[in-house]
Amino acid sequence: MIKYTIGVYKAYKNSGNLCFHRKETKKSWKHYFIEIDDYNEDEYSFGSEWVSSIKDIILKRRQLYKKQFICLECDVAFTDYVKKNQDESENCPNCDGD
Ligand SMILES: [Zn+2]
């Protein structure tokens, strides 16, 4: 399984109780990712995990961003997860595969 970072946000660890935060509660980094199956790329799942602030920096560098693209082949708009500077995607669901 390969993890693709889609976001790292600060969050309260003890946020189970929505109304109250314990005074000593520190904010931690939460890493949100999609996990793609090595053998079947159509199989993926969303997940999250707590990470340290150092790992947060590493993850953010490799983060993927959800962007919208227009397919040059069929003019269909679609969204894909790409790197920050990437402004093209060839993963059009309309033209893809079978
Ligand atoms: Zn297309």
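Asp75 lies in the loop between β4 (64-70) and β5 (77-83); helices (H or I, at least four residues) and strands (E, at least two) are DSSP runs, numbered from the N terminus. The phi angle of Asp75 is near 65 degrees, a positive value in a residue other than glycine. Asp75 counts as exposed because it has 9 C-beta neighbours inside 10 Å. The cut-offs are as follows: a residue is buried if 20 or more other C-beta atoms lie within 10 Å of its own, exposed if 12 or fewer, and partly exposed in between, with C-beta atoms placed from the backbone.

This is a predicted model, in which local features need pLDDT of at least 70 and side-chain atom pairs count only at pLDDT 80 or more, while totals for chains, interfaces and linings use all residues. Residues are numbered from 1 along each chain as its sequence is written. The mean pLDDT of the protein (the predictor's confidence in each residue, from 0 to 100) is 84, and 85% of the residues reach 70 or more. Where pLDDT is low, the predicted coordinates should not be read in detail.

The protein has 1 helix and 5 strands, and from the N terminus on these elements run β-β-β-α-β-β. Of its 98 residues, 5% count as buried. Among contacts between residues at least 6 apart in sequence, 37% join residues at least 24 apart; two residues are in contact if their C-beta atoms, placed from the backbone, lie within 7 Å.

An open sheet is formed by 3 strands in the order β1-β2-β3, with antiparallel pairing. Its edge strands are β1 and β3 (44-51), each of which pairs on one side only. Neighbouring strands of this sheet are turned by 25 degrees against each other on average, direction ignored. For such angles, axes are lines fitted to C-alpha atoms, for helices over the stretch in contact, and angles run from 0 to 180 degrees between N-to-C directions.

Two strands pair if DSSP finds at least two bridges between them. β1 and β2 are joined in the antiparallel sense over 10 bridges, and Lys3 has Glu35 in β2 as its bridge partner. Between β2 and β3, which also run antiparallel, there are 8 bridges. Here Lys30 stands opposite Trp50 in β3, and His31 has Glu49 in β3 as its bridge partner.

Trp29 is placed in strand β2 (residues 27-36), and its bridge partner in β3 is Val51. Is Trp29 buried or exposed? Trp29 counts as buried, because it has 20 C-beta neighbours inside 10 Å. Leaving aside neighbours within four places in sequence, Trp29 is in contact with Val8, Lys10, Val51, Ser53 and Asp56. Trp29 and Tyr9 are 20 residues apart in sequence, yet 5.6 Å apart in space, C-alpha to C-alpha.

Helix α1 (residues 53-61) lies across β1, β2 and β3 and runs at about 135 degrees to β1.
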